[in-house]
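Dear colleague,

Please find the structure below, handed over for your records and further use. My findings follow directly after it.

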Amino acid sequence: MDYKESLSYLESLNVFGSKLGLSRIERLTELLGHPERRYRTVHVTGTNGKGSVSAMTAAILTESGFRTGLYTSPHLTSYTERFVIDGEQASEADFAAAISAAKEAAEAMLAEGLEQPTEFEVLTAAAFYYFAEKHVGYAVIEVGLGGLLDSTNVIMPEVAVITNVAMEHADRCGGTLEGVAHHKAGIIKRGVPVVTAAEGMTLDVVRRKAAEEGSEIFAYGEDFRAAAGAEGIDFSSKDGGAAHYALALGGAYQHQNAALAIRTAMLLAEKHRAVTHETIARALKSVAWPGRFERFTLEGVRIVVDGAHNPAGMRALRAGLDAYFPNLPRVFLLGILKDKDIETMLTALLRPGDQVVTVRPNSERAAAADVVAAVAAGMGLVAVACDDRAKGLDEAVRRAHVRSALLVVAGSLYLVGDIRAMLTAGR
């Protein structure tokens with residue numbers, strides 16, 4: 001298959017939906033010769049921040065001299081963003097070759113009378129295959145959904161990272177916050193150290209699972225922490241590690257994410273002398289992670305593009321905006337999926353006097369623009385719905401220009417990907 005054909009094949013798998021469980025991915029990877037066993041891995045889950053932590057951890061490993069893969073989801077504009085080695089996306093040809101290999105294995109499964117693998121399972125198996133074919137030494141693997149039954153959970157990592165736990169995908173992960181925590185703790189393997197920023201009851205769940213598996217646990221706020229420093233963070237840990245690190249990624253929420261990546265790197269440094277304070281510092285100062293408190297300027301208007309798409313993410317974004325731009329008026333360009341808690345998200349994000357422009361993200365699961373606008377209007381805010389994303393961006397820029405305001409784009413990665421593409425293309 002060429003790249004276009006590989007995308008058509010992946011699209012054809014959408015009819016099978018999203019199914020949790022490991023039986024299909026286990027057979028798929030077996031038929032591919034277990035590529036996921038040909039390199040070391042770090043496994044990352046969590047409600048928010050897992051993409052940023054994955055990107056920072058991968059950058060640290062690359063800076064330390066390891067050829068390093070990074071598997072994340074979803075993508076912003078191109079599927080090739082999901083398969084990255086040393087900061088470089090897979091070529092379309094290499095992506096298509098990996099999908100072709102996974103398709104051949106999937107067809108063999110069907111010939112055996114087994115169930116068709118889902119799109120995400122095929123993508124995950126293809127990523128494992130791609131990294132093996134490209135001879136990576138490490139791969140940082142981001143969980144797709146939950147952890148326990150997620151198709152990435154066939155790896156045996158060097159470190160398991162659980163960024164945090166909040167109510168998301170509860171319908172797929174037990175129905176309660178405790179159930180979500182149980183699913184995320186499912187990535188913990190026997191004797192594999194755990195780094196986490198989980199708190200309260202969710203931390204208790206993670207601790208119990210770690211104890212069952214005989215795994216050492218390192219909890220943010222107890223075993224290590226980070227405080228805001230000059231253009232970065234001051235990191236410290238109980239075992240004596242303390243240093244200042246400059247951060248390339250903006251947003252106050254990145255302080256905690258960076259601390260998780262640093263603590264993970266410290267554990268890897270116990271096995272590899274190449275991982276040092278200097279390599280960590282260089283990586284954190286240069287790492288890029290598009291769509292996370294990313295800043296643009298258009299027609300004199302300052303813009304922040306952020307992938308916040310749930311209540312916890314919105315709270316983190318609000319904290320970042322309050323820290324970086326406390327006195328600027330704000331105009332929001334929002335697009336949210338209909339299965340999200342829209343009212344709670346807007347309550348967490350918006351403050352009195354904000355103006356809101358809403359659009360429909362490019363997803364079958366998207367909430368209508370007028371639905372989101374009605375929620376904002378019900379909060380007493382000026383809100384207008386647009387039937388087109390480009391028109392929505394124009395309207396938001398116009399309003400921000402008139403008010404000398406900051407423009408913030410958020411609500412869904414589907415929206416962020418489209419708007420970011422417009423901004424990088426100069427609209």
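S404 is exposed, with a relative accessible area of 56%, which is over the 50% that the term requires. In this predicted model, S404 sits in the loop that joins helix 13 (389-403) to strand 17 (406-410). Its phi is positive, near 50°, although the residue is not a glycine.

A positive phi also occurs at H34, again in a residue other than glycine, with a value of about 50°. H34 belongs to the loop between helix 2 (23-31) and strand 1 (40-45).

A further backbone feature concerns the peptide bond from S73 to P74, which is cis, with omega near -10°. P74 is placed in the loop between strand 2 (68-71) and strand 3 (83-85).

Turning to helix packing, a pair of packed helices is described by the angle between their axes and the distance between those axes. For helix 3 (residues 50-63) and helix 8 (residues 254-269), the angle is about 40° and the axes are 9 Å apart. Helix 3 is therefore oblique to helix 8. The crossing of these two helices is right-handed. On the side of helix 3, the contact involves S52, V53, M56, T57, I60 and L61; helix 8 contributes Q254, N257, A258, L260, A261, T264, A265 and L268. By type, the residues of this contact comprise 9 nonpolar and 5 polar, with no charged residue.

Helix 8 also holds H255. Is H255 buried or exposed? With a relative accessible area of 19%, H255 is buried, because the limit for that term is under 20%. Leaving aside residues up to four places away in sequence, H255 touches A226, A228, G232, I233 and L247.

Finally, helix 11 (residues 342-349) has the buried residues I342, M345, L346, A348 and L349. These residues cover an arc of only 160° around the axis, so they lie on the same side of helix 11. As background, an α-helix has 3.6 residues a turn, so residues three or four places apart point the same way. The buried residues of helix 11 pack against helix 10 (311-324), strand 14 (330-334) and helix 12 (369-378). E343 and T347 are exposed, and they are carried on the face of helix 11 turned away from its buried side.

Yours sincerely

Conventions
Residues are numbered from 1 along each chain as its sequence is written. This is a predicted model: local features need pLDDT of at least 70, side-chain atom pairs count only at pLDDT 80 or more; totals for chains, interfaces and linings use all residues. Side-chain values use heavy atoms; hydrogens and water are left out. Axes are lines fitted to C-alpha atoms, for helices over the stretch in contact, and angles run from 0 to 180 degrees between N-to-C directions. Helices (H or I, at least four residues) and strands (E, at least two) are DSSP runs, numbered from the N terminus. Angles under 35 degrees count as roughly parallel, over 145 as roughly antiparallel, 65 to 115 as roughly perpendicular and the rest as oblique. A crossing is left-handed if the near helix is turned anticlockwise from the far one by less than a right angle, and right-handed if clockwise. Contact means heavy atoms within 4.5 Å. Ala, Val, Leu, Ile, Met, Phe, Trp, Tyr, Cys and Pro count as nonpolar, Asp, Glu, Lys and Arg as charged, and the others, Gly among them, as polar. Buried means under 20% relative accessible area, exposed over 50%, partly exposed in between (1.4 Å probe, protein chains only). The arc is that of the directions from the helix axis to the C-beta atoms.
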